[in-house]
Amino acid sequence: MISFILNGAAVTVDVEDDTPLLWVLRDTIGLTGTKFGCGIGACGACTVHMDGRPVRTCVLPVEVAEGRSITTIEGLGSTGSAGSTGSGDARHAVQQAWIDAQVPQCGYCQSGMIMAAAALLDANPDPSDADIDAAITNICRCGTYQRVRTAIHAAARARRVE
Ligand code: FES
Ligand code: FES
């Protein structure tokens with residue numbers, strides 16, 4: 001049994017300790033917003049926050065999450081994290097910026113991109129393009145990188161005026 005906080009609520013799952021957190025989120029709990037891409041920790045499609053930091057869940061044994069706080073794309077705008085505009089279904093500033101800049105193409109990588117971007121802005125409220133390139137190593141087959149940068153800058157501006 002592994003217990004952790006998921007999007008603000010306590011959960012306990014009966015799975016093998018070495019099961020990747022990604023599969024616990026998707027298959028055991030049913031939150032499918034977090035995606036499987038490479039399975040080797042390289043693409044970032046499976047990114048969530050653990051205690052506020054981005055982690056790639058395809059290579060993270062669920063036992064590492066014991067007692068920690070996990071936030072997925074489903075909970076990003078409703079957990080009171082920095083950039084959230086409130087409780088309930090409020091959008092995170094990054095999510096709003098993504099919509100405004102029309103970042104997604106196929107969309108498959110985007111929940112991981114958004115989680116990585118939100119964590120970056122929590123650590124660095126005004127990142128340069130170089131900071132973004134260094135921190136956001138997620139892979140997008142559709143090549144949305146320029147729009148990702150644009151949206152991160154917009155989210156940073158929006159948070160400064162909140
Ligand atoms: S699916 Fe986890 S990093 Fe690619
Ligand atoms: S939007 Fe298609 S892979 Fe990134």
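## Salt bridges

Asp-51 is partly exposed, because its relative accessibility is 44%. In this predicted model, Asp-51 pairs with Arg-68 in a salt bridge whose closest N and O atoms are 3.3 Å apart. The two residues are 17 apart and link distant parts of the chain: Asp-51 is in the loop between β3 and β4, and Arg-68 is in the loop between β4 (53–56) and β5 (69–71). Arg-68 is also partly exposed, at 33% relative accessible area.

The salt-bridge count comes to four. Among them is the pair Arg-149 and Asp-133, with closest N and O atoms 2.8 Å apart. This pair joins helix α5, which holds Arg-149, to helix α4, which holds Asp-133. Arg-149 counts as buried because its relative accessibility is 19%, under the 20% limit. Asp-133 is partly exposed at 41%. Another salt bridge joins Asp-126 and Arg-160 at 3.2 Å, N to O.

## Nonpolar core

The largest nonpolar core has 23 residues, and Val-94, Trp-98, Met-113, Ile-136 and Ile-152 have the most contacts inside it. Two or more residues come from each of α2 (93–100), α3 (110–123) and α5 (145–161). The largest contribution, eight residues, is from α3.

## Negative patch and a buried loop residue

Asp-14, Glu-16, Asp-17, Asp-18, Glu-63 and Glu-66 form a negative surface patch. Glu-16 sits in the loop between β2 (9–13) and α1 (21–29) and is exposed, at 57% relative accessibility.

Thr-34 is in the loop between α1 and β3 (47–50). Thr-34 counts as buried, with 2% relative accessibility.

Notes
Residues are numbered from 1 along each chain as its sequence is written. Chains are lettered from A and ligands numbered from 1 in the order in which they are written. This is a predicted model: local features need pLDDT of at least 70, side-chain atom pairs count only at pLDDT 80 or more; totals for chains, interfaces and linings use all residues. Side-chain values use heavy atoms; hydrogens and water are left out. Patches are made of residues with over 30% relative accessible area and no salt bridge: like charges are joined within 9 Å, nonpolar side chains (Val, Leu, Ile, Met, Phe, Trp, Tyr) within 5 Å. Accessible areas come from the Shrake-Rupley method with a 1.4 Å probe; for residues, only the protein chains shown count as cover. A salt bridge is a side-chain nitrogen of Lys or Arg within 4 Å of a carboxyl oxygen of Asp or Glu. Lys and Arg count as positive and Asp and Glu as negative; His and the chain ends are not counted. The place of a charge is taken as NZ of Lys, CZ of Arg, CG of Asp or CD of Glu. Helices (H or I, at least four residues) and strands (E, at least two) are DSSP runs, numbered from the N terminus. Buried means under 20% relative accessible area, exposed over 50%, partly exposed in between (1.4 Å probe, protein chains only). A nonpolar core is a set of buried Ala, Val, Leu, Ile, Met, Phe, Trp, Tyr and Cys residues joined through side-chain atoms within 4.5 Å.
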